[in-house]
Every structure is written in C-alpha cells, then in structure tokens.
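Subject: Structure handover

Hello,

Here is the structure I said I would pass on. My notes on it follow below.

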Amino acid sequence: MPRTSVAAQRAGIGLRQPHYAEVMDRAPPLGFVEVHSENFFADGGAALAVLHAARERYDVSLHGVGLALGSAAGVDPWHLDRLARLAQRVEPARVSDHACFARAPRAGAAAVLHANDLLPIAFTDEALDILSSNVTQVQERLRRTILVENLSAYLSFADDAIAEPQFFAQLCRRTGCGMLLDVNNIMVNALNLGVANPLAHCKTYVDALPLEIVGEIHLAGYCEADDIVIDDHGSRVRPDVWSVYAHALNRFGSVPTLVEWDTDVPALQVLLDEAERASRMLAEAVAA
Amino acid sequence: MNAEAQRQRQLVALLLAERADTATLATRESASRALRGLQAYRANADASAARALGTAFPTVQALVGVEDFAHLAHEFWRFDPPTRGDLGDWGDAFASWLAEHAGLSQWPYLGDCARLDWAMHCCERAADAALDADSIARLGDTDPAQLRLRLAPGLAVLSSRYPIAMILDAHRSGDDAAFDAVRDALNAERGEAVLVSRDGWRAVATPIDTATLDWTRRVQGGVDLASAMQHADSHFDFTAWLASALSSGWLKGIDVVRD
C-alpha cells in the first residue's frame, strides 16, 4: 500500500499563496507541504517558481481538486496530461484527489462541463465501477499509485447501497490506490446527517477501514452556517476532530498528516501551531 | 445512459438552473435538507466564478465594483461554464461576452479592458523563457530572409478605441492624477495600442505606436525578418525597436530557418 517513506513524525501544511514568501524565508520544520495541483498547471510563472523553490526544501504532496475521479464522463485527458507534467517536474511524495465528480455533459453543449467543485457520487456498485476505472487510468498514466480522499458531501443519494468505509476498501482493493482520510470530512458529514453521537459515528467509520489503506490524513476546520455545517477550511481544527484524529492514529499508527487552511487564511504561525499539535500526536503514535 | 451518468447530468443541470430545486433528485436527506445542500454547491460555484474571474480580470472588477462583478461572474458561469478543471484557464470568452452585454452600455470600453486583463493574465501564466543571447549575433552574419524573431511566450499586442493601458494603470496605482488623465483621454476619444509582456513575474502593458503594433503582429505571424522589414511602416526604426525588445525582454532569440 502507498504509505510513503516521508518522515511521518512531523505534520505538513497546505502551502497557500499568502504564505509563500514567509515559508521560504523561515523554512519552518515540516513533514511536507501540500499544494493544489491545478494551481500549478500553467506553463510558467511565479507560482511554479515558488513550488520549485519549496521542493528544494520540502517533500511536496500534489493534492488535486479537479481530476473529478467519479465522473461518468471520464477523466479529462488535458487535465491528466497537465498533472503528469507537473508530477514529472516536482517528483511529489504523494499524488491525491477526491472521490467526487465534476464533469458532465450539458444539454445542447458540445464540450463536457467541469463544475470545478467536489460533487458527491453515490455509494453504489455502478459509481464504484466508474471511480475504479478512472483511478486505474490515472495511475497507469502517472505510473504510480494515488490516494483518494473521502468527501464532505452536502447531498447523499437514496440508492446508496454500500457503506462508505467499505466503498473505499473495495476501491483500494480493486485499483491498488490508497485512501486519503479526511477526518474533518467524516465529522462534517456526521453533523449534517444529524447522527445522535457524531464522535462515536466517526470512530466507527475509522474502525471500519482496513488498516493498510490509509496513506495520509487531513485535518481542517469547519463552520456552522444556519442549518448546515460547511467544510470551509477556514478555522482551527475543532476539538471533536482532534479526537477522531487521535483515534485514527491509534488505529493506523503514524500516518503523514496535513493541516489545511484555505479560506480566511491566518498568520502562518497559527497554521504552524496547528501543525505542531498534529506533530506531537504523531510522535506519540510513533512512541506507542 | 446508466443511472450514475444520468444523476450526474441532472445534478450539474440543477447547479446551473435559475432556481435551486431538488424535486427531481432522490436523496437520503429530507427535501428541505437536500435543498440546503444544493444551495451550498450553488454558492460554491458563484464564489469560484467570482474568485477566478476576479483574479483574471482585476481592472474590470475595479471598474464595475466587487458586488456587480460577482453578479456578472454568476451570469457568465451559466453562459459559458468551464470545461476544464483549472479555473485559471477559464475566461477566454469573457471579454466578448462583456462587450455585447446589454446592461453594460455605460462602460463601452469594458470589453477592451477585459481583453487587456486577459492578455496580462495569460502572459503571467506563459512559459518562462531565457534570452538566447548568442542567437542575436545572427543579425550580423545571416541573410535576414533566413531569420525569424522569437518573441517572449505570452507577449501580446492589442489596439483599442479607448485608453485601455491608462485605465489599467489608473486602477493598479489608484492615483487620482492617473484617473484624471483617463477622463481626459476618454473625452478626447484617444485610443491606445498596447504591448503586453512580462517584467520579472508580473505582466506589464506598454503603450506602443501603430508602426510597432503592425510590426509585432507581423513578427508573431511568423514571417522572416527580411519580409517584416520590407512591409514595416516607414516610421518604424528597427534598431530602436531591437534595443527596447532586448531591454524589455520582448525578444528571446533569433532562429535561423533554412528552406
């Protein structure tokens, strides 16, 4: 399975534009930095130069938001070409994307639309076939395994027939890919589903995953907006999510971990403090 | 079409529809809850559209204001939704759409400002290229009919009936005197020709004369140096242009093409 040799005792952070200069200047100790692959698809320019500079100091994880791996319309060859080129340039420690769809034909339009969002797929055999086929295509093109992340989903479907952990277990078994376990997303879904005990629900989810499939863990903040919980990556990791993370480390051992912060990006030190907390927990997991 | 493909088409159509409505979606959530979920995705699309276009078209956004720009982005997303998963690559048709938008007649220059914004955006994303200094010596030892000038990736020229470079500079600088100059130019109906190139990582818009505009277009068209010189405007000074082209990074090399 795709757990890598990256020093897993230190957590990583999402490297976002407001922090580019400070991260390069301070070079804080981090397990790795993660970037959104699509932000570096351009032929050249400043962002790509920063990424190359970051790569000289850190392992880089390429985390995509646009492969749309669950799309029945398939993976966009242009997108896959750009990702392959970027992977060749950066030699990332890990490549990942989401179990979602975004591409679909539109009535009356020749080109397939790309919604540029992480839209939910159903947990059915048919959706699993589509996802598996697309993941296999990507892995063959990149000549490496990838990690596939569980979503925070604001819609779920009446014909869902496979429990989500089993869905991922089957995906990983069929394709050889790994799972990027976003513990915040599990919590957001639990809260939106209105389960009686969200924390217990999340732990049960974690316990249902095969030990060998989780190759990375994501942590982030969420917000409550009226009657819905939004996975906005715009605040500190919530206490309940730290609890699920501790449970996951207890089950899976030390796994490369990322703290994401994408909206209302704070001072770098705030993000580093969150990463430091995750690093301490990782170290305890190693010691245990 | 299989059920999952049908569901995905349906959900995308609901995202683009005028109103949020989940009546046709079979969800696990209650109807009101599903509607709230759909609204969250629709809000994501609006935010993504405004953010992506705002990044690519900062002058247009400054001209119409952030709020109205967000409405335009919402409208454009439905008119010409993205087809690729890199939103930095989306917006090619925005300028022509703005130019024909019935509600924007008070800004007749908006379409041309958008063309310039887009050229700047594309220039900053273009491939990085170093000057092939040795190749410049070919000017002294090779027949011009066998030479082709290699311009910087992303370099673009535009012409407009409006002072588009002045408008862009005024919004970049926020300087009152620059806005006064824009008003004077608009009142005098002074247009501009502009060359977009990169200074370091940042795109810059340089006003150029029509002779340089025509020259650059011809060179971009791939003609050999002798032909370009032959058809150049009588006021065009190649030596002066070459000095500017080298100091400003417009020219990256000279290729020898043997038939």
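Two residues are in contact if their C-beta atoms, placed from the backbone, lie within 7 Å. This is a predicted model, in which local features need pLDDT of at least 70, side-chain atom pairs count only at pLDDT 80 or more, and totals for chains, interfaces and linings use all residues. Residues are numbered from 1 along each chain as its sequence is written, and chains are lettered from A and ligands numbered from 1 in the order in which they are written.

Helices in chain B

Helices are DSSP runs of H or I with at least four residues, numbered from the N terminus. In chain B, Met166(B), Ile167(B), Asp169(B), Ala170(B) and Ser173(B) of helix 8 meet Ala178(B), Phe179(B), Ala181(B), Val182(B) and Ala185(B) of helix 9. By class, this contact has eight nonpolar residues, one polar and one charged (nonpolar: Ala, Val, Leu, Ile, Met, Phe, Trp, Tyr, Cys and Pro; charged: Asp, Glu, Lys and Arg; polar: the others, Gly among them).

Domains in chain B

An automatic or database domain assignment supplies the bounds: domain 1 of chain B is 1–107 and domain 2 is 112–259. Their centres, taken over C-alpha atoms, are separated by 35 Å. In chain B, 13 residues of domain 1 are in contact with 10 residues of domain 2. Helix 3 of chain B gives the most to the domain 1 side, with five residues.

Confidence in chain A

Over residues 1–6 of chain A, pLDDT stays under 50. Where pLDDT is low, the predicted coordinates should not be read in detail.

Regards

Conventions:
Helices (H or I, at least four residues) and strands (E, at least two) are DSSP runs, numbered from the N terminus. pLDDT is the predictor's confidence in each residue, from 0 to 100.
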